[in-house]
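This report describes selected parts of one structure. The sequence and the model are shown first.

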Amino acid sequence: MTYVRPTFRHPDLPKNKINFTKKDYEGALSTLCAGCGHDSISGAIAQACFELSVEPHRIAKLSGIGCSSKTPAYFLGNSHGFNSVHGRMPSVATGAYLANRDLVYFGVSGDGDSASIGMGQFVHAIRRNLNMVYVVMNNGCYGLTKGQDSATADNGSKSKAGSTNLFNAIDLVGLGLELGATFVARSFSGDKTQLIPLIKAAISHPGFALIDVISPCVTFNNNVGSTKSYDYVREHIEATSTVDFVPVMEEITASYDDAKEVTLHDGSALHLQKLHQGWNPEDKLSAMNAIQTSKEKGEILTGLIYIEPNTNALHDVLQTTKTPLNTLKEDLLCPGIDALEALNQSLR
Amino acid sequence: MSKVNDFVVRFANVNGTGSASANGMFAKAIFRMGIPVTPKNIFPSNIQGLPTWYEVRISEKGYLGRREGIDLMVSVNPQSMLKDVQSVSSGGYFMYDSTKPLHKEYIREDITYLGIPLMGICMEQYTDPRQRQLFKNIIYVGALSALLDIEFGVLEQLLAEQFKGKEKLIPANVQALQLGVKYVQENFSYPLDIRVERRDLVGNRIMFDGNGACGLGAVYAGATVAAWYPITPSTSVVEKFEKYAKKFRTDKETGEKNYAIVQAEDELAAIGMVIGANWNGARSFTATSGPGVSLMNEFLGLGYFAEIPAVLIDVQRTGPSTGMPTRTQQSDITISAYASHGDTKHVLLFPSNPKDCFELTTDAFDLAERLQTPIIVLTDLDLGMNDHMSEPFEWNPDRKYDRGKVYTAEDLENMGRFGRYLDSDGDGIPYRTYPGTHPTKGSYFTRGTSRDEYAVYTEDSAVYVRNMQRLEKKWETAKDLVPKPHFYQEKNMSPLGVIFFGTSTYSSEEAIDLLREQDVVLDAMQLKAFPFNKDVEQFIEDHEVVFVIEQNRDAQMRSLLINELEINPKKLIRVLNYDGMPITADKIVKEISKSLAVA
């Protein structure tokens, strides 16, 4: 069957700066399990885009294969979407970004997609610093094939069937930092007050923005003994700080002693409070240290982990024209007959 | 028999010793004298040290295929010398470095030895070891110019062109040439009976490699995104694209580029980027060889099913697996035609010379966007990495890119509901939209899963079948859009037909002439594309027996013809060469004669 939302809209729905209502950022009805963390993340993405007043059609959402990769159908229905092949979203996103540097790119991926079959592409997308938001909906298991452990499952974590994972987890946040990602964050699907401002900041960030979102699988990995269950995450979650996103031209009102403001490339700002001890979001060493220390303590560290606000994305590095390549026409692309004749002459 | 303008010279060198440019100059000089020439590199998968050969066929009749039999061997590599001596045709010549005497095992009674103390001359003339090595090559070219009657002025002119901007290097090179000439003048009677004579048989033709022509074609076709992973023998396609794009597509004031090139982490990513860029409305391509095509299968299937344009240039090499990476074959036909799981078919184009490479590459971009599907240009190592004499490149100044069926914001504004996979025109080709076109209309979800006409996911059997049938209809439409085959006769003259394509063309044309001298008349058809259209079917229908000439073991093109056109297999006779070397006319003549004798 086809899932379509009713088209009825309440006339008094609040509108954003560009006159869109929140409905304009919604997608088809989700077919994921009731209570799936992924749906909360979809909602957070829609909410962030609505609040930031991004024109829906100026967003492209891309994904691989898996439960997480289905979600782009469930948010931003007025945006083009591309559900590609397993683990290969980063390459498709690279091509799309090269073709048109002016759109906002959302890559949505899962732990199987990014930490296993697509690890190579994930790594190289970071290395190339694509200007995109890369969301990993991380549940530590393969939901669509009924709950096998993924590469992000913690060593010792128990599955629903009772077996224990015997292998070490790949930490995508630690990996992202190591590879030079210019925006690294971790969040929890159950914490929208943290996730929404992080997504907004990620959109504003001019380079590769990784958000690893722990998103419990209610059907296969929400049992006692699992380290990716709602209960376990809630009990072990720690935050680097609270995060407020302050759009361009808005004044920051609140002020605390243990607060920090990070001005983003487009003039918006992140207002961070209750800072984790010894952590500075613009200092990679302190970020790596915070991640390792909390891991030692058995904590799940969330929030903004690291940011390099002024960064050169792939198009800057390649010195591509500011005009989207997909709009160029024959006059700029085809060297013409005289150049060809000269070339022929040089080959005789 | 006089061998004026009709002989084969082979150079035996050590890889990485700078012989390529000297040997290239030799071939180019003959070309400049108006004589048809075809050079071929026979090189190892190695950067330095292993034996490498350069073979030049000179043909007054204009035959550009490889010919068996070596009339003059220029032996500068002790490693391969024994084999090199043995490979000279009886009555031929063996030029060697006589600084040290030749051991008796190298002596044959039926060939003439031309000993030149190359190393001795170099030791005497030069002190720098690198100079000794490089000028050795120039000295033997000088010696050859005297022995074969190559005009010295032509060589001087080529040196002047080669060292344009570095003019101070010219006199030393000219001097090295003269050292070779002088030695011949003082020690041999010259010129030899094999020699060249100026002709006017080249016209306005050019010498260029197929990979360069493909790269240039991609620039002319408006490709803006190239993604690739290095692999022999395709690497120079993107390198040449970069060279010409840099030259023609860089803003002179800002230095900004109207193109983007990414060296991907592997072939999977390369084709993924191409798919992503094309989905987003840019013309994008990649180049690879057989092993890369194997890796790209997954995305080619997505491109077919999700209907996304892509251009892939496959420079075939000898397979299977890693095979012989620096040898040629036409053995990716089957995998390219049916790449990926499920029911898939892909449009293939078969260039046979550099001009074809240029034109079929430009056509590939139009076809990819018109048909919204991957297009694979199947060239090969022989065509891609060797210089070929070719008609000059042409471009119609009025030519506009065919961007296919794409709805604009205005179109969307004035229409009802957009259906990405609706067959509105009845040709199986739907309309697409680029991301970012219209605020509320035209967005859709691209997917490799089954979907309905509005791009909504479905597992409804009837809808799935309807979609697959539409793709089949699109395939029928493709038959009329792809380049037609080339026929060598206005009207059929024989019950015997012959089919060939790509680099088998040169030797096939020669073989047809040779067989005609034996009163065997063949009607000929050169394939340019897959799917096969009615003309291809008709040609086979009109002949009792059709020989299919190709360079692979399993007769892949023959199988494709049988499979797609439901031909009686007995009617199609395989003529094959798959040893990694370009097919020769002799081989074709032998195979066809043998087959006719049996029949």
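Which residues does Val133(A) touch, not counting residues up to four places away in sequence?

## Core

Val133(A) touches Tyr105(A), Phe106(A), Gly107(A), Ile199(A), Ala202(A), Ile203(A), Ala209(A) and Ile211(A), with residues up to four places away in sequence left out. Two residues are in contact if their C-beta atoms, placed from the backbone, lie within 7 Å.

The model is predicted: local features need pLDDT of at least 70 and side-chain atom pairs count only at pLDDT 80 or more, while totals for chains, interfaces and linings use all residues. Residues are numbered from 1 along each chain as its sequence is written, and chains are lettered from A and ligands numbered from 1 in the order in which they are written.

The largest nonpolar core has 273 residues, of which Tyr105(A), Val133(A), Ile199(A) and Val548(B) touch the most other members. Helix 4 (residues 129–148) of chain B gives this core its largest share, 11 residues. A nonpolar core is a set of buried Ala, Val, Leu, Ile, Met, Phe, Trp, Tyr and Cys residues joined through C-beta atoms within 7 Å. A residue is buried if 20 or more other C-beta atoms lie within 10 Å of its own, exposed if 12 or fewer, and partly exposed in between. Helices (H or I, at least four residues) and strands (E, at least two) are DSSP runs, numbered from the N terminus.

## Helix 8 of chain B

Helix 8 (residues 235–248) of chain B has 14 residues and reaches 20 Å from its first C-alpha to its last, close to the 20 Å expected at 1.5 Å a residue, where the expected span is 1.5 Å times one less than the number of residues. Its buried residues include Ser236(B), Lys240(B) and Tyr244(B). The partners of the buried residues include helix 7 (210–220) and strand 10 (225–228) of chain B.

## Contact between the chains

The contact takes 49 residues from chain A and 59 residues from chain B. On the side of chain A that touches chain B, the largest share, eight residues, comes from helix 3 of chain A.

## A loop residue

Ala259(A) lies in the loop between strand 10 (242–246) and strand 11 (260–263) of chain A. This residue counts as partly exposed because Ala259(A) has 16 C-beta neighbours inside 10 Å. Leaving aside neighbours within four places in sequence, Ala259(A) is in contact with His271(A), Leu272(A) and Gln273(A).
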